Amino acid sequence: MPQNFHFFGAENWVCLSLITRISEGCAEINLKNEVDLSKAWDNAAAELTLFSKHEVPVTYKRDEQVYKVHAWPIWDWVLDLLDDPLLAPHLVWDACCGDRWWDIQSSLPDIDGAVPFCFILYADKTKPSSHGTVKGYPVVVRCTNLPSHIQNGEGFGGGRVVGWLPIVPEDAGKEDKLGYMNLKRVVWHKLFFKLLELATQYSKTGYSHKCHNNILCMMSLIRGRGGKCPCPVCLVPLAELHDLSKTYPLRSVDEAKEALRVYGLSKAQGEELLKALGLQPVENIFWIILYSDSHDVLSLDRLHSLHTGLWKHLLGELKKILASLGREAEAAFEKLIANFPRWCNLNHFKSIINILFTDGNKYQDLSKQSLYAGLSILMPRASPEGYQLLHVISSYLQLDSWIGLDVHTESMLAAIEAELLIFDTELKGVAHNYSTRPNEKMHGPLKDTYHHRTNGKDIAMQILRVDHHQFASKLLRERVNMVNEHNWLRALGNDLPDEDVAVAFNGHVKLGSPTPHPLSILNLENRGPADRAFQAFQRKFTEFTNHSLPTYGHQLTSWLTFPADFQIHEHHYLKVNYESMVDWKQVTDHLWCNLRFHGLPWFDHALIQLTAEETIFTRLVFLFRCCISNLGSFEFVLVQLYTARINGACRMDHFFKLTRVKAVPRASSIFVPLNSFI
């Protein structure tokens, strides 16, 4: 094995297990060299439709230029999905993405059983090379008839690269010329036709594959951001984009077709119509798809509209205001950001003032932290402009939170005051159904393939071949898993498990990450001088167990006492399963209680049911289990309550819609049973 080849974590276990099975004669490898391995991958990839290469001529100033496109026709991808027995049970044929789905289904021909087959197309330029000179234009497709956790996942039913478009070379002498700018658009649309060719045909006739399928595409007309009407959804003038209280007519394909028809008859008259619509004189390839209006399906994308769009600009303004207050204000803000509480799946930042980000997830997490860091610095007197900006950021965060929910009810929609956003969300369903974030993640593997699996020449076919092999491996893995499950069920016979058993532990909480050696109560008492939460640990624990255990059904015949050498087993991790109030599905939370988690203290906060009527916030102090003689093993948590009284209401809380809680002194920490965690 080469020295630069490394396995990590579970990969080591899989590799060693395979080596062990081969050495014991339980498995055999017939692949002798790289050629055999390559043939095996090609044979596996043959289970799916292969990519094909096309050369398309395009005329520019009477010169014919040939452009190459690599395509896996979308309709072939559709059939591969429909023919897969593992995905078939998950396909949804009833309306599941808002009112728009119903409208599409109602517009289909009156044929028994006719339903829409909908998918989302995503195309964005990428730079596989680190120096940016090598560029590509992958096209990704996802099926919206699959549940969001499958269509946005990384398995066989997730996003798939189905095309690689060429990029018209940059020419500094032609960049500002309208003809050359339109050439790029013409090339894009002509070559995209190779992906839509069969889909176009079946959008006119339907397709009998146990049902008749309609195609829903997601692509706007050819327009420029600097046009008089830059919005791809409605005809709002450029000067009125800021005013969301006004409404304007929605765009339609028919008006664009008419403007282009007039342009063909009279260039002068056509240009006036196109300018009024903010369009360029280029025919859109998606016009050939019946039952599809490219404007009607455009939806708000949180990643580009909010996290790397609106918030990116708000962050720029925030930095300007902090800079105007001086280096002391900047340093104070960065310190508050660096000290922001840590929790699972939240990016943590040490410095932001002089750093630029390209990751939308980092922008999203930074927006959540910036408001709280700014509250103590951008006060009304110190910075009226900064205080006003915090109001804007607060409104932005509320809007982002509501839009980002996985389920929207009428009351939730009512909370989104902007009429345009209510309209868009209600018609198309929740934002995660059409998020571009899963597609953006696919650029990384393509870049890795370029660096490690190509020779740097004619990269498109090499990258797509590797990507196709990886996709075939997902199919093989799913089939192997299906066979293993089938064999497992056969071995069980009549002893089949209850399908409703989904969790791997009793109740909804589980301790993890135990320390290797137990501690005595005396050890914990000795922590008292450094942390007052452990003061009088023995006395408080004795009183807690004697008062609480009878309420849990344990009969105590005498007062329990615990000697100084009583053994306690510390844990650093708590796993909590709970029902989400958003979509009513089970969600898992991961809580840490560790003085040295990757070298830093990490003590999470949680919500507990203190009494039948009282639910409160707490901070973890100490997780442990112990065995009490004649009663059994118990799991408890030492917590710091956030129930201290707050004198007077703060105007800031009202303005920013904040709920303020305050911790009691550390010495007032209490014990609670593990099951009290919500």
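How many bridges join S10 to strand S11?

1. Basis. This is a predicted model: local features need pLDDT of at least 70, side-chain atom pairs count only at pLDDT 80 or more, and totals for chains, interfaces and linings use all residues. Residues are numbered from 1 along each chain as its sequence is written, and side-chain values use heavy atoms, with hydrogens and water left out.

2. S10 and S11. Three bridges join S10 to strand S11 (residues 600-603), and the two run antiparallel. Strands are DSSP runs of E, at least two residues, numbered from the N terminus; two strands pair if DSSP finds at least two bridges between them. Asn 594 stands opposite Trp 602 in S11. The hairpin leaves two residues between S10 and S11, and His 598 in the turn has a positive phi of about 55°.

3. S9 and S10. Strand S9 (residues 567-579) pairs with strand S10 (residues 586-597) over seven bridges, in the antiparallel sense. Tyr 578 faces Val 587 in S10, standing opposite. Six residues lie between the strands of this hairpin; Trp 584 in the turn has a positive phi of about 65°.

4. Lys 135. Which loop holds Lys 135? Lys 135 sits between strand S3 (115-123) and strand S4 (137-143). Lys 135 counts as partly exposed because its relative accessibility is 37%; the class lies between buried (under 20% relative accessible area) and exposed (over 50%), with a 1.4 Å probe and protein chains only.

5. Trp 41. Trp 41 is placed in helix H2; helices are DSSP runs of H or I, at least four residues. Trp 41 is partly exposed because its relative accessibility is 31%.
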